[in-house]
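Hi there,

Here is the structure I promised to pass on to you. Have a look at it first, and then read on for my notes.

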Amino acid sequence: MNLDAILAQTMLGLSQGVFYAMLSLGLAIIFGLLNVINFAHGALYMLGAFVALIGYSYIGPWLGYPDFQMGFWWALIVAPIVVGCFGMLMERFMLRRLYQFDHIYGLLLTFGVALVLQGVLSNYFNISGTAYPATPDMLNGIVNLGFMYFPKYRLFAIVLSIIVCFATWFMIERTSLGAVLRAGQENPKLVEAFGINVPRMVTLTFGFGVALAALAGVLAAPIYSVSPLMGADLIITVFAVVVIGGMGSILGAIVTGLTLGLVQGLTQALYPPAANTVIFFIMVIVLLIRPAGLFGKADG
Amino acid sequence: MNRSLITAMCAAGVAAFGSTALAADGASNGSVKIGVLSDMSGVYKAIEGPGAVIAAKMAVEDFGGSVLGENIEIVSADHQNKADVASSIARRWIDRDKVDMLVGMDNSAVGLAVQGLASGKDTITMNTGAGSVELTESQCSKYGIHYVYDTYALPVGTATAMVENGGKSWFFITADYAFGHSLRDNTSRVVKEMGGEVMGSVEAPLSTTDFSSYLLQASSSGADVIGLANAGGDTVNSIKQANSFGIVQRGQKLAGMLVFLTDVKALGLDTAQGLQFTTAFYWDRNEESRKWSQRFFDQHGAMPTMVQAGVYSAVMHYLEAIKAVGSDEAAPVRKQLGEMALNDFFVQNGKIEANGLMSHDMYLAKVKTPDESKSDWDLLDIVSTIPADEAYIPISESACSLIKQ
């Protein structure tokens with residue numbers, strides 16, 4: 001393989017990796033603070049894509065304004081808010097009842113929610129996917145990077161995702177808001193004593209993690225088809241990413257997501273049959289050598 | 001509240017149980033039962049699924065609801081794309097519910113498992129959904145019929161047309177399982193017979209979401225044509241992503257080897273325009289097919305795929321065969337089906353061979369441009385007809401053991 005081919009596969013791996021990073025970041029935030037393994041994360045990513053699609057193609061006629069269409073830029077803002085609110089309701093009325101029990105109950109509940117969402121949407125939408133037609137004109141087309149032709153849209157998705165990921169990391173690790181969040185995770189009683197409403201903070205955090213998934217969903221809509229199963233296809237890999245990075249580690253989730261995207265991209269070029277298994281292979285090795293994950297704390 | 005809920009659930013359970021028991025009683029004598037076994041919730045739902053049940057019911061209605069003075073019943077179930085689930089449903093249907101014929105069975109693994117099982121119990125299967133040629137070749141069976149398309153027929157029209165139009169060198173993106181390999185091999189055969197050349201192939205795991213890496217390899221091979229030996233969501237994703245990387249704009253052609261009408265709908269005309277593929281049926285082909293498809297559309301909300309139209313045709317011909325021989329015993333009905341010439345809105349010049357293959361005319365279709373399309377489902381042009389004897393494996397070359405006997 002020559003250098004151009006390697007660079008090209010690196011770009012492709014990166015464009016896959018940013019989705020892993022965004023999704024595993026949301027999962028890590030939720031797990032870190034709530035100790036909930038959110039199996040509905042893939043379904044909420046899918047829901048984000050559907051909010052964008054429905055907002056563009058369906059909502060106008062439903063409401064009686066056939067000309068109304070929510071464009072891509074609006075979808076980037078609206079979908080995370082809508083899905084984030086859905087997530088907060090889910091936390092407030094369902095998950096909260098389960099905190100006193102073992103992790104497995106939260107996992108089962110969220111898995112159930114994922115199945116319900118997929119089931120409902122596959123009742124109404126084409127299961128092999130529906131094209132998202134509203135990619136802005138300025139992002140259509142390809143750019144010549146010298147070593148390859150690359151879709152402008154993917155370039156945009158990579159840049160935006162990396163900005164969002166590192167902004168989130170900065171907020172949690174480097175600001176006082178983040179300090180409160182991390183303190184709430186360590187010792188909720190003590191934080192409450194400082195006059196902070198911890199249950200509300202938990203709800204908002206869950207909403208934020210879910211909103212990240214929805215944002216990833218909107219970004220994915222123009223690249224992949226919007227399909228009820230798009231999240232289910234991705235979520236298992238994302239969980240492997242979280243495990244490799246270390247459950248609950250913010251930076252671990254971002255760095256591992258990007259790196260594993262690259263590894264997968266190169267595997268697709270070098271030995272395609274292993275493309276889907278390489279991540280799990282790495283997971284096994286990491287768990288054997290560092291059971292807490294690459295960035296995890298051994299005592300956590 | 002809890003107690004009343006439990007009571008209600010018990011009552012519902014008893015009611016459900018009671019009604020199935022009754023149904024089973026009635027079936028053992030005095031009715032003809034047809035089972036539609038399909039993927040009702042997964043990747044192939046839109047291709048066959050609930051639409052196939054509607055098509056089967058339409059056939060029963062059009063036939064008059066009864067045959068030889070017996071009621072015709074349709075039962076349906078979801079095989080979940082699992083051969084073991086499908087087998088246990090088929091076993092229950094045949095042994096307990098006295099189902100006389102099974103139709104549907106999209107997914108080759110399901111098709112092969114159920115066909116073998118049903119034939120062993122003297123029950124006819126009419127497979128409308130699966131593609132593998134093995135259904136009528138190495139694993140052919142006494143009562144198994146393969147009705148709509150197979151992996152031999154699909155490349156004939158598409159690959160021939162592409163090579164004739166200058167697509168001499170091919171590179172394949174292959175779904176990495178039996179179906180994809182079989183499709184790639186059959187397509188390669190056609191390409192080589194036409195004087196073309198196969199430059200290579202890359203195997204992508206089933207349900208890959210990002211095909212860009214494979215597309216890049218295909219693109220840098222410099223082949224004239226990138227052949228997509230995959231199906232459903234994989235085909236949709238690979239075409240869509242090929243488009244976003246400007247592969248088609250830079251001069252390479254894409255050939256989808258198995259494309260359903262619903263896939264074209266999923267891609268949208270902007271992306272899919274110009275794509276050529278082989279199909280057994282298109283709703284807008286003639287007056288007869290339009291009329292039937294409109295009735296189907298009124299009930300289903302989408303135009304029929306070739307598989308759904310095939311279900312209607314299969315059920316209809318099965319019922320006609322029962323009527324002709326005056327019995328619903330598998331042996332005489334199967335014999336009668338082999339002797340009938342099949343012609344309706346779906347099938348032209350159809351004949352069910354001794355190995356179970358229903359050989360019939362196929363069509364080369366081309367996706368319209370957005371300007372050419374006048375309505376939501378106005379998606380394809382039929383470019384040419386592929387005669388039955390070119391489309392399918394000639395019976396003289398069949399490897400089926402039933403023929404050599």
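This is a predicted model: local features need pLDDT of at least 70, side-chain atom pairs count only at pLDDT 80 or more; totals for chains, interfaces and linings use all residues.

**Chain A**

Chain A is built from 12 helices and 2 strands. If you follow the chain from its N terminus, the elements come in the order α-α-α-α-α-β-β-α-α-α-α-α-α-α. The radius of gyration of chain A is 19 Å, and the globule rule gives 19 Å for 300 residues, so chain A is as compact as a globular protein of that length. Its C-alpha trace spans about 55 × 55 × 35 Å along the principal axes.

**Where the two chains meet**

On the chain B side, 33 residues are in contact with 30 residues of chain A. Which elements of chain B give two or more residues to that side? They are strand 8 (197–204), helix 7 (212–220), helix 8 (232–244) and helix 9 (261–267). By class, the chain B side consists of 11 nonpolar, 15 polar and 7 charged residues.

**The two domains of chain B**

Chain B splits into domain 1 (32–150 + 286–361) and domain 2 (153–282 + 362–386). As you can see from those bounds, each domain is made of two stretches of the chain. The centres of the two domains, taken over C-alpha atoms, are 27 Å apart. Between them, 18 residues of domain 1 are in contact with 18 residues of domain 2. Helix 12 (residues 306–325) of chain B provides the largest share of the domain 1 side, with 3 residues. That side of domain 1 holds 11 nonpolar, 5 polar and 2 charged residues.

**A six-stranded sheet in chain B**

One open sheet of chain B has 6 strands in the order 2-3-1-4-5-6, with mixed pairing. Strand 2 (66–67) and strand 6 (144–146) of chain B each have a single partner strand, so one side of each is left without a neighbour in the sheet. Strand 1 (residues 31–38) and strand 3 (residues 70–78) of chain B run parallel and are joined by 8 bridges. Within this pair, B:Ile34 stands opposite B:Ile74 of strand 3.

Helix 3 (residues 83–95) of chain B lies across strand 1, strand 3 and strand 4 (101–104), and runs at about 175° to strand 1. Helix 12 of chain B also packs on the sheet, where it touches strand 1, strand 2, strand 3, strand 4 and strand 5 (124–127). The direction of helix 12 makes about 160° with that of strand 4 of chain B.

**A three-stranded sheet in chain B**

Another open sheet of chain B has 3 strands in the order 11-14-15, and the pairing is antiparallel. Strand 11 (276–279) and strand 15 (380–386) of chain B are at the edges with a single partner strand each, so one side of each has no neighbour in the sheet. From one strand to the next, the twist averages 30°. Strand 14 (residues 362–367) of chain B is joined to strand 15 by 6 bridges, and B:Lys366 has B:Asp381 in strand 15 as its bridge partner. Helix 5 (residues 153–164) of chain B packs on this sheet and touches strand 11, strand 14 and strand 15, with its direction at about 150° to that of strand 11.

Best wishes

Note on methods: Residues are numbered from 1 along each chain as its sequence is written. Chains are lettered from A and ligands numbered from 1 in the order in which they are written. Two strands pair if DSSP finds at least two bridges between them. Helices (H or I, at least four residues) and strands (E, at least two) are DSSP runs, numbered from the N terminus. Axes are lines fitted to C-alpha atoms, for helices over the stretch in contact, and angles run from 0 to 180 degrees between N-to-C directions. Two residues are in contact if their C-beta atoms, placed from the backbone, lie within 7 Å. Domain bounds come from an automatic or database domain assignment. Ala, Val, Leu, Ile, Met, Phe, Trp, Tyr, Cys and Pro count as nonpolar, Asp, Glu, Lys and Arg as charged, and the others, Gly among them, as polar. The radius of gyration is taken over C-alpha atoms; the globule rule is 2.2 Å times the number of residues to the power 0.38.
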